[in-house]
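Welcome to this guided tour. Open your viewer, keep the sequence panel beside it, and follow the stops in order.

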Amino acid sequence: MKCALVLVALCVAVAVAVPVPDQKAETLKYDNSINGVDGYSYQYETSNGISAQEAGELKTVGEASALAVRGSFTFTAADGQVYTVNYIADENGFQPEGVHIPKE
């Protein structure tokens, strides 16, 4: 019985220690555009330090059309560290880069 109580107390302590996302964050900046059938772009920034931007364009790959996307996003992790990820997504797949992402 003591073991069960310790386990319950530990679970409650862990649940309380997990940071809650900032549910009161506000959008500070937002912009988007659609360039006909050829592409799009968007960007946004929130009051809790999250920002993102992305642009995509239609390109020809062989005899097919494919969407090529380039973008980035930034956020602050629970440990206070700010992380930025830059990425490309195209016929070669999703290719993220960031100082915290291991390189092959």
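Start with one term: a residue is called buried when its relative accessible area is under 20%, exposed when it is over 50%, and partly exposed in between, with a 1.4 Å probe and only protein chains counted. You are looking at a predicted model, in which local features need pLDDT of at least 70, side-chain atom pairs count only at pLDDT 80 or more, and totals for chains, interfaces and linings use all residues. Residues are numbered from 1 along each chain as its sequence is written, and side-chain values use heavy atoms, with hydrogens and water left out.

**Stop 1: the whole chain**

Switch to the cartoon view. The chain holds 1 helix and 6 strands; here helices (H or I, at least four residues) and strands (E, at least two) are DSSP runs, numbered from the N terminus. Starting at the N terminus, the elements follow the order α-β-β-β-β-β-β. Of the 104 residues in the chain, 14% count as buried.

**Stop 2: the sheet**

Now colour the strands. In what order do the 6 strands lie in the open sheet? The order is S1-S2-S3-S4-S5-S6, with antiparallel pairing. Strand S1 (27-35) and strand S6 (93-97) are the edge strands, each pairing on one side only. Two strands pair if DSSP finds at least two bridges between them. Strands of a sheet pair through backbone hydrogen bonds, either parallel or antiparallel. On average, neighbouring strands of this sheet are turned by 10 degrees against each other, direction ignored; the axes behind this angle are lines fitted to C-alpha atoms, and angles run from 0 to 180 degrees between N-to-C directions.

**Stop 3: S1 and S2**

Select residues 27-35 together with strand S2 (residues 39-46). S1 and S2 run antiparallel and are joined by 8 bridges. Which residue in S2 is the bridge partner of Thr27? The partner is Thr46.

**Stop 4**

Click on Gly39, which sits in strand S2. Is Gly39 buried or exposed? Gly39 is buried because its relative accessible area is 12%. The bridge partner of Gly39 in S3 is Glu57, and S2 and S3 run antiparallel, joined by 7 bridges. Try the distance tool as well: Gly39 and Val69 are 30 residues apart in sequence, yet 9.2 Å apart in space, C-alpha to C-alpha. Then go to the hairpin of S2 and S3, which has 4 residues between the strands; Gly49 there takes a positive phi near 90 degrees.

**Stop 4**

Tyr44 is in strand S2 and is partly exposed, at 31% relative accessible area.

**Stop 5: S4 and S5**

Select residues 64-76 and 82-90, which are strands S4 and S5; they pair in the antiparallel sense over 8 bridges. Thr76 has Val82 as its bridge partner in S5. Next, show the side chain of Thr74, in strand S4. Thr74 counts as buried, at 18% relative accessibility. The side chains of Thr74 and Thr84 make a polar contact (3.0 Å), that is, a pair of N or O atoms within 3.5 Å; within protein, one must be able to donate a hydrogen and the other to accept it, and residues adjacent in sequence count only if both atoms are side-chain atoms.

**Stop 6: the salt bridge**

Last, show the side chains of Glu91 and Lys59, which meet in a salt bridge (3.2 Å, N to O). The term means a side-chain nitrogen of Lys or Arg within 4 Å of a carboxyl oxygen of Asp or Glu. Glu91 lies in the loop between S5 and S6 and Lys59 in strand S3 (residues 51-61), so the pair ties together parts that are 32 residues apart in sequence. Glu91 is partly exposed at 43% relative accessibility, and Lys59 is partly exposed at 28%.
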